[in-house]
Amino acid sequence: MGFKTKIRFIHKWLGLISGLIVFIVSITGCIFCFHDEIKDITRKEWRLVEPQNKPFIPPSVLLGKAKEILPSYKSAMVSYYGRDRSAIVYTYSDIGNLYLYFNPYTGKHLKIENPETDFFIIVEYIHLYLLLPDYIGKHIIGGATIIFIILLITGIIQWWPKRKNDLKRVFTVKWSAKWRRVNYDWHNTSGFYISIIAAIIAITGLTFTYEWVGDGIYKTFNFGGDKTLETKAPIIDTTKFKANKMIAIDRAFLQTMKLQPKAEMFYVTTPQQKGDIINTGAYPHTLRYDHQSNYYFHPSDGKLIQSDPYDKKSLGLQVVEMNYGIHTGQILDLPGKIIAFTVSLIAAALPVTGFVIWYGRRKKSKKSKHKKTAH
């Protein structure tokens, strides 16, 4: 077997093994790309609010209202998503999680949302775990994603022409040919054109499955270093302090807004047990989870303990924290999402067109053998 024959063999069987999973992951990625835009249209009654020229209501007020509505649930975090968007209190219990939407200016309760019945969250769980237990599903997805990256590489190797004169031919689809030839050309050329962006999407997707991928990205951009040391939250002894949690949370939130006055989106966590501190985050853009600044506050009085603004973070950590935005195309706003959607859609088509090529050759081979036997 020559080199390209071996590559073709590897490409064929890895494609057949992973094809269905790659299709599911790619098509669910397509559906999820515009989930915020679709939800803003279909759920605007509780996702969007009229912006007002006054400050947001303190998180303690929203936490108190959430406790009145769901007395058996605990609150983990309050998020303010923007001047024209509702605030959400994220709650949990032994039964499950519920999201409570509030008007951030008046505190009016707007909606209770159950993530387990939300269409887009179900799609996201299929994308991440195939709706299997996460410790099983994530490894199936991770394995298929690694295979997909190998398929992109082997596909380019076997597709790449030997002669320069063939470059024009292999970069185009011969639409006037029979459908099998069109399918073959489309599989090769579309795979080539999306290869770099598809590889980036696949690699960033692997960080959700394997921590070592994120660590590798961190070390690559920092030329070494330990991510856990840079992202380690401060540890304090809270046993000596009588915590006034609600006042501390409000102070932490107000200080974060003062430290990041241009930020559009904020969150503040609530201490769940002794030793927990208050963590806040600020983002420059609404519904974009990159370029974040993080702050840590004492749970007794809301005193600032540690600051991790975006511009003080290492390049490696900045890139790692951009991972979600890069993976979804969100980092480039709508144009980025359109690119991610298009590449994911083409990636979903690759296993289908590849299977058609394999099945056609297999059928042709059987016919040839049958003719030889008949003679």
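**Note on the sheet and a helix pair**

1. Tyr296 stands opposite Gln306, a residue of strand E8. The model in which this pairing is seen is a predicted one. Strand E7, residues 293-297, and E8 are paired in the antiparallel sense, and four bridges join them.

2. Eight strands make up an open sheet, and their order is E4-E3-E2-E1-E5-E6-E7-E8, with antiparallel pairing. At the edges are strand E4 (109-113) and strand E8 (304-308), each of which pairs on one side only. From one strand to the next, the twist averages 15 degrees.

3. A helix lies against this sheet. Helix H11, residues 245-259, packs on the sheet and touches E1, E5, E6, E7 and E8. The direction of H11 makes about 30 degrees with that of E6.

4. On one side, strand E1 (residues 74-80) pairs with E5 in the antiparallel sense over four bridges; here Phe266 in E5 is the bridge partner of Tyr80. E5 also pairs with strand E6 (residues 278-283), again in the antiparallel sense and over four bridges. In that pairing, Met265 stands opposite Tyr283 in E6.

5. Is E5 mostly covered or mostly open? Strand E5, residues 265-269, is mostly covered, as five of its five residues are buried. In a regular strand, side chains alternate between the two faces of the sheet. In E5, Met265, Tyr267 and Thr269 point one way, while Phe266 and Val268 point the other way. The residues of both sets are buried.

6. The remaining points concern a pair of helices. Helix H6 (residues 134-159) packs with helix H8 (residues 179-206) at an angle of about 150 degrees, and their axes are 9 Å apart. H6 is therefore roughly antiparallel to H8, since the limit for that description is over 145 degrees. The crossing of the two helices, H6 and H8, is left-handed.

7. Which residues of H6 and H8 meet? H6 contributes Gly142, Thr145, Ile146, Phe148, Ile149, Leu152, Ile156 and Trp159. Their counterparts in H8 are Asn188, Thr189, Gly191, Phe192, Ser195, Ala198, Ala199, Ala202, Ile203 and Leu206. The residues of this contact comprise 12 nonpolar and six polar ones, with no charged residue.

How values were computed
Residues are numbered from 1 along each chain as its sequence is written. This is a predicted model: local features need pLDDT of at least 70, side-chain atom pairs count only at pLDDT 80 or more; totals for chains, interfaces and linings use all residues. Side-chain values use heavy atoms; hydrogens and water are left out. Axes are lines fitted to C-alpha atoms, for helices over the stretch in contact, and angles run from 0 to 180 degrees between N-to-C directions. Angles under 35 degrees count as roughly parallel, over 145 as roughly antiparallel, 65 to 115 as roughly perpendicular and the rest as oblique. A crossing is left-handed if the near helix is turned anticlockwise from the far one by less than a right angle, and right-handed if clockwise. Contact means heavy atoms within 4.5 Å. Ala, Val, Leu, Ile, Met, Phe, Trp, Tyr, Cys and Pro count as nonpolar, Asp, Glu, Lys and Arg as charged, and the others, Gly among them, as polar. Buried means under 20% relative accessible area, exposed over 50%, partly exposed in between (1.4 Å probe, protein chains only). Two strands pair if DSSP finds at least two bridges between them.
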